[in-house]
Amino acid sequence: MIAPLALIGLISLPIIVAFYMLRLRRRDVPVGSTFLWQQLVRDVEANAPWQRLRFSWLLLVQLLIAAIVVAAAMRPFTASVSDLAANVVLIVDSSASMATLTGDEDRMADARARARDVVERLPEGGRVTVVSAADSASVLVSETDDRDAAVEAIDGIEATQLPGDLTDAFALASALAARDSDSTIVVVTDASGDELPDVGVEAPVLVELVGQTDANQAIAALSVVRRAGGAQLDLFAAVANPSAAEATRRLEVYADDTLVDARELTIPAGQRSEVLIGTVPAVSGFVEARLAGTDALASDDRAFTIVPAEQTVRALLVGPGNPYLENALALLPRIELFAVGERGYADAVEEADEADAPYGLLVFDGVVPTEPPGVATLYVDPPEDGPYGAVSGRIDRPVIDRPDPDEPLLRFVDLSTVHVGRARDIEPAEGVRGIVSTPRGAPLIGVGDDGGDRLAFIGFDLAESDLSLQVAFPLLMSNLVDYLVAGGEGILPLSAKLGQPLSVRVDERFERVRVTVRPAEGDGFDLELPVTDGRLTIPGADDIGMLSVSTLSEDPELDALEIGRAAVNLFAPDESDVTPGDPQRIVDMGRVPADDGPPPQPARTEWWWPLVLAALALLAVEWLLFHRPSRQRLARAVGRRPRALAGPAR
Amino acid sequence: MTATERAPFFDEAFLRRLEQLELASRRLTAGRMKGERRSVRRGQSVEFADYRTYTSGDDLRQLDWNAYARLERLFVKLFVEEEDVTVHLLVDASRSMDFGTPNKLEAARRAAAALGYLGLASMDRVSVAFLGDGTATPMRPLRGKRRTHELFTFLSQPRDDRLTGLAAAARAYVSRMRGSGPLVLISDLMDPGYLDALRDLAGTRSQLSVLHLLAPDELDPDIAPDARLVDRETGHSVEVSGDDDLVDRYRARLAEWQAEIAAFVSRRGGAYVPVASDLDLADLLFDVLRRRRVVE
């Protein structure tokens with residue numbers, strides 16, 4: 001008993017009995033005659049304050065209720081040993097895959113139940129920190145011994161549409177565990193492709209695995225290309241089937257909310273099916289692809305893309321001259337190509353600026369400018385360090401590793417027959433990633449961001465590779481240019497990933513802009529965001545759909561101008577593969593407890609709640625007993641025959 | 001004076017309907033005053049009773065030519081035979097009757113008024129009395145529809161009786177009782193001496209009918225738990241507790257009591273009619289009492 005003082009409450013039992021023995025002050029009810037009543041009721045002595053105690057079910061029930069309430073107030077418990085440390089960091093996965101439906105409930109419901117169970121298992125005096133983790137971590141309650149507060153926080157966790165990344169959550173957990181050596185990290189997750197940090201934590205990690213294998217298909221990619229001068233668009237869509245069985249799904253394509261195409265796709269298990277649809281009208285503003293029907297995860301069954309505006313970008317190729325590069329760039333419909341030698345670069349840029357026709361894309365072939373140019377840039381065979389990273393030497397005959405099949409920049413690009421004779425050994429700068437690398441991870445082709453300006457590099461001389469002789473080359477160039485010179489209308493890229501913040505350049509005349517978010521489901525909303533030093537940072541969207549940016553200005557001519565649109569999609573193959581993953585890789589993040597570690601913590605399981613339930617049930621019984629005469633009268637009134645003649649002589 | 005003006009209880013249409021009935025008297029087979037019933041034996045008496053409109057076949061000797069001279073309408077004079085029927089109507093006026101919704105005493109007054117009118121319309125002698133405070137308060141016997149107003153006025157008078165003293169009151173009435181015929185007791189019988197009273201009334205030569213009048217609240221009481229029931233008549237109280245089946249037991253006792261009375265009356269050749277005070281009077285007369293052959 002935690003609170004034995006509650007035994008004092010037992011004094012209520014004789015009080016209840018006393019109330020039953022005390023004569024009640026009864027309400028006078030006039031009747032025509034007590035002639036019959038006197039024969040039924042034993043008259044009670046008129047003036048005695050007490051009466052003999054008679055058996056009553058009501059009294060019995062009330063005594064039981066009082067006894068149970070006293071017992072509950074004493075907080076009985078059973079002692080046990082907890083498998084948890086005194087300090088528990090409880091990470092609850094709330095990534096998109098946790099919205100997977102199994103029957104009527106999503107995994108999140110199961111996860112909440114497991115998390116509540118963890119709180120119940122806390123040792124005596126244990127503290128818990130509840131962390132909700134999707135693409136980033138959010139601490140809901142910190143190091144509290146208030147279990148109710150922890151459970152309340154857990155009950156408030158809902159599955160998001162965001163990709164899973166436990167890096168932040170483990171960083172938090174690691175920091176908390178570092179303050180208390182007696183810590184346990186408990187992760188409630190489906191272990192479905194969540195990103196994990198490279199460095200482990202100094203505390204044991206337990207995994208509460210939720211979820212079961214469910215069939216799911218997803219739209220893995222969606223993009224649209226405007227044909228030069230054409231009346232229609234080319235739409236590329238990929239539907240992935242990470243399930244263990246072949247699936248047939250109907251893909252519907254909507255242009256500006258109007259159905260323009262639909263087709264059945266049969267996707268083998270574990271593979272994806274790609275389609276190219278050329279029936280989308282070029283006048284469309286945006287295109288949506290939708291998988292008809294239902295599957296385990298709804299958030300990856302819809303995807304959006306913006307139809308890029310028909311615009312031309314002036315590109316300047318700086319270098320000694322490369323016919324393959326020139327041809328590939330010149331063939332791109334959006335590119336108006338200019339070429340200049342290394343010496344003429346500065347003058348060409350200056351002239352273009354003076355003519356108010358700046359270059360939107362710079363391509364440096366074997367050349368690196370002394371200053372970052374401040375626009376999108378492609379570096380080919382960079383001989384020295386630059387914004388893309390540090391060049392430390394050469395790699396002879398590098399082997400091209402199998403690239404990520406979901407890498408959008410390698411769409412339609414087959415590098416399996418490409419050979420490279422010699423490449424630059426480049427250590428990528430922060431914000432730069434390799435999309436084609438050697439098996440040892442040295443990037444051969446990479447993309448990234450330099451303070452808001454996109455960049456890409458091809459880390460070898462095209463003359464020392466057969467890439468420029470293959471079909472893959474113009475496709476690769478097209479993808480890289482699309483990446484560098486973001487299609488979209490205005491400042492935004494065509495597509496953004498859920499949860500991914502966007503940092504874009506905005507005309508410095510504007511100090512604030514309005515961001516309009518239109519999720520696929522539910523109501524949209526507006527955000528007013530500041531523009532700092534010509535840059536706008538848009539926080540990651542929580543729902544798939546569309547967003548647009550428009551200006552805010554006191555000048556009526558500059559106010560409310562739409563300067564960018566983007567589609568927001570999940571496009572997270574790991575989240576779409578809803579099959580629960582291997583929890584061991586998460587367990588392995590933690591330290592294996594030493595044999596001489598802290599002794600097991602005592603825990604106790606309280607049993608007040610079944611008692612409270614029993615008391616409530618008895619209360620209901622008491623109500624029934626107390627009101628039984630009324631209910632009987634009501635029943636009689638409902639079923640009463642005409643009262644004209646009562647009695648046996650009728 | 002029209003019938004309606006004379007009748008505070010009923011309208012004229014209802015009175016006309018009542019005239020279709022007459023009180024049954026199973027013990028009398030002859031010697032009845034004929035009243036409106038056409039018969040060769042009519043007019044044997046010299047006691048004038050009433051007029052009625054002449055119809056074809058009536059004895060022309062009974063025409064009232066004086067009335068014809070004044071009104072130019074033919075009326076037949078009706079006379080009373082010496083073996084006429086006396087209708088006895090006894091209304092319990094104790095406090096216990098002044099209870100219920102609808103009020104039992106009011107219902108008893110209306111029932112007595114209707115039965116009395118039947119008797120008057122049938123040229124029977126009608127004797128009405130209130131029973132209360134251990135005595136009977138009769139009015140002088142009436143005959144003929146002309147006395148309807150008197151009958152109704154008597155029945156309408158306020159009563160302030162406290163106790164029934166049913167046995168004493170019945171005995172008092174029987175001792176002064178003249179003439180025989182239907183005897184109708186309208187009472188709730190909520191009196192310890194109810195059996196004595198019934199015995200005395202059944203012991204007369206009259207045909208006893210007991211209209212056992214109870215209020216709906218008494219037939220199916222709605223008593224809250226932990227109440228004190230105060231007797232309207234005696235002032236005595238009975239405490240009831242939250243006894244769940246008390247009302248059920250009351251209903252069973254009531255049924256048993258009614259059965260006892262019915263058996264008692266039946267053994268003495270009488271009719272027992274349990275009546276709820278909310279029963280429509282027309283239903284009582286044209287259905288219930290007719291089926292029990294109290295009226296015909």
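Reply: Two strands are said to pair if DSSP finds at least two bridges between them, and the strands themselves, like the helices, are DSSP runs numbered from the N terminus (E, at least two residues, for a strand; H or I, at least four residues, for a helix). This is a predicted model, in which local features need pLDDT of at least 70 and side-chain atom pairs count only at pLDDT 80 or more, while totals for chains, interfaces and linings use all residues. Residues are numbered from 1 along each chain as its sequence is written, and chains are lettered from A and ligands numbered from 1 in the order in which they are written.

Chain A contains 13 helices and 33 strands. Seven of the strands of chain A form an open sheet with mixed pairing, in the order β18-β17-β19-β20-β25-β24-β23. Its edge strands are β18 (335-340) and β23 (432-437) of chain A, each of which pairs on one side only. From one strand to the next the twist averages 15 degrees, where angles run from 0 to 180 degrees between N-to-C directions and axes are lines fitted to C-alpha atoms, for helices over the stretch in contact.

Within this sheet, strand β20 (residues 376-380) of chain A and strand β25 (residues 453-458) of chain A run parallel and are joined by four bridges. At one point of this pairing, A:V380 stands opposite A:I458 in β25(A).

Helix α7 (residues 323-331) of chain A packs on the sheet, where it touches β17 (313-318), β18, β19 (361-365) and β20 of chain A, and its direction makes about 155 degrees with that of β18(A). Contact here is between two residues whose C-beta atoms, placed from the backbone, lie within 7 Å.

The buried residues of α7(A) are A:L325, A:A328 and A:L329; a residue counts as buried if 20 or more other C-beta atoms lie within 10 Å of its own, as exposed if 12 or fewer do, and as partly exposed in between, with C-beta atoms placed from the backbone. An α-helix has 3.6 residues a turn, so residues three or four places apart point the same way. The buried residues of α7(A) pack against β17, β18, β19, β20 and α9 (472-484) of chain A, whereas A:P323 and A:L331, on the other side of α7(A), are exposed.
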